[in-house]
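Please look at the sequence and the structure below, and follow the report with both in view.

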Amino acid sequence: MINGKRVLIVIPAWNEEASVADVVREVRGELPGVGVLVVDDGSKDRTHEMAAQAGATVARLPYNLGVGGAMRLGYRYGYENHYDVVIQIDADGQHDPRYVPKLVDALDDADFVIGARFAGEGDYNVHGPRKWAMTLLSIALSRMAHAKLTDTTSGFRAANRRTVELFAHWYPVEYLGDTIEVLVRLLRNEYRIVQVPVTMRPRQAGTPSHSPIKSTVYLARAALIFCLSMVRK
Amino acid sequence: MKLTILTAISGLAVLVFIFELVRRRQLREKYAVLWGVVGIVVIPLALFPSVLNPLSRAIGVASGVSLVLFLAVVFLLVVCIHLSWEVSRLEEETRTLAEDIALLRTELRERVNQ
C-alpha cells in the first residue's frame, strides 16, 4: 500500500538474468507491501528463476512478444487482481524505485504519469535523427496533453485504475507502439497525462544504438506510428 | 492452340490439387471454394480465349488475354492483402492465448505455494 492504494510493480524482462534479481530485491526493499510481477518475455536464460528467487511473482510468456506484449499481460494481471495502480519499471536497473511514491502521488490528479529524465541529468547522450524524433514527439505530445512532456519514450510509468482497465484490453504490441501510440490514444480519449522528473541511473547492461542508419529508421518508424495513431479508431 | 491446352491442363491440375487438399482436410473450405472457383473459371477461358474479346473491346482493352492477365494480377494482389490481414488477426489471437497461458501458470503456482 502506498498512499492508501494497492500498487503493483510490473517489470518486463527479456534475457535479463544478470540484473533482474537485483531490481526485484531493491523494489521489495524500498517499497514493502507492493506487489512485484516480473513478466518473463520468452527469455532463453534463467530470468524467471532469478526473479522468483528474489521474491517476485513471475508470469512467463511462452515466446517473445516484445515490451508491449509483456506489458499488456502485466496490466491484465493488475486488473484481474484488483490493483489500483500499476507501475512499469525496466529490468536493467536504470529506474530508481525510490521515485515510485512520487509517481503514485502524481496520480491523484492524472490518469497516467511518466517518470521523465531531468533535462540534462542522468541523460544518455542521443544525437542526430534519434534526438530529432524525441524532440518532435515531445513537442507534439506536450501540445496535445496541455502539459510539458519531455521524455515520451521513458519506460518508467504509472497508470491508475481507469488506465489499467483500458490497457488490460488494449495495449499495442508493435515496436514504439507501446510508448508513442499509447500516449496518443490516452490523450485523444481525454485521459490526463503528467510527468514527474526522476534521475535515471546508467543501465547495468546494454546501450542505445548510435548508428546513423538505425536512428534514421527509428525516426521514420516513430513518425509512422505517430501519424497512424492519430487516425486510428 | 498448344497454349490453350497448356493453360487448360494447368487449371485442371490446380483443381485436382485443391480437391486433394480438401479431401485430406488440409485446407479450410472457404479457401477451397475460392480456388475452386478460380479453376472453374480459368479452364473454359483457356480453351476458348476469344469469348472475352467482345467484353474487352467494349471496355477498351485490346485483347481478351490482356484483360485476363490484368484481372489475374488484381485478384492475386487482393488475395495477398487478405492473407496479410488473416496473419495479423491470427497473431493477435495467439498473443491473447500466450497471455492466458502465462496468467494461468502464474495462478497455478501461487495456489501451489499457498
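## Where helix 3 of chain A meets helix 4 of chain B

In this predicted model, helix 3 of chain A brings A:Gly69, A:Arg72, A:Leu73, A:Arg76 and A:Tyr77 into contact with B:Arg95, B:Glu99, B:Ala102 and B:Leu103, which belong to helix 4 of chain B. Sorted by class, the residues of this contact are four nonpolar, one polar and four charged.

Two packed helices are described by the angle between their axes and the distance between the axes.

## The wider contact between the chains

Taken as a whole, the contact between the chains joins 14 residues of chain A with nine residues of chain B. On the side of chain A that touches chain B, strand 3 (57-60) and helix 3 each supply at least two residues, and helix 3 of chain A gives the most, with five residues. By class, this side of chain A consists of nine nonpolar, two polar and three charged residues.

## Helix 4 of chain B on its own

How far apart should the ends of helix 4 of chain B be, given its 50 residues and 1.5 Å a residue? Helix 4 of chain B runs over residues 64-113 and should therefore span 74 Å, and the 73 Å between its end C-alpha atoms agrees with that expectation. Helix 4 of chain B is also hardly covered, since two of its 50 residues are buried.

## Helices 1 and 2 of chain B

Within chain B, the axes of helix 1 (residues 2-23) and helix 2 (residues 29-47) come within 8 Å and cross at roughly 160 degrees. Angles over 145 degrees count as roughly antiparallel, and helix 1 of chain B and helix 2 of chain B are therefore roughly antiparallel to each other. Their crossing is left-handed.

On the side of helix 1 of chain B, the residues in this contact include B:Thr4, B:Gly11, B:Leu15 and B:Val22, while those of helix 2 of chain B include B:Trp35, B:Gly39, B:Ile43 and B:Leu47. The contact of helix 1 of chain B with helix 2 of chain B holds twelve nonpolar and five polar residues, and no charged ones.

Terms used: Residues numbered from 1 in each chain as written. Chains lettered and ligands numbered in written order. Predicted model: local features only at pLDDT ≥ 70, side-chain atom pairs only at ≥ 80, totals over all residues. Helix = DSSP H or I, 4+ residues; strand = E, 2+ residues; numbered from the N terminus. Expected span 1.5 Å × (residues − 1). Buried ≥ 20, exposed ≤ 12 C-beta atoms within 10 Å, placed from the backbone. Contact = placed C-beta atoms within 7 Å. Nonpolar A, V, L, I, M, F, W, Y, C, P; charged D, E, K, R; others polar. Axes fitted to C-alpha atoms, helices over the stretch in contact; angles between N-to-C directions. Parallel < 35°, antiparallel > 145°, perpendicular 65-115°, else oblique. Left-handed = near helix turned anticlockwise from the far one by under 90°.
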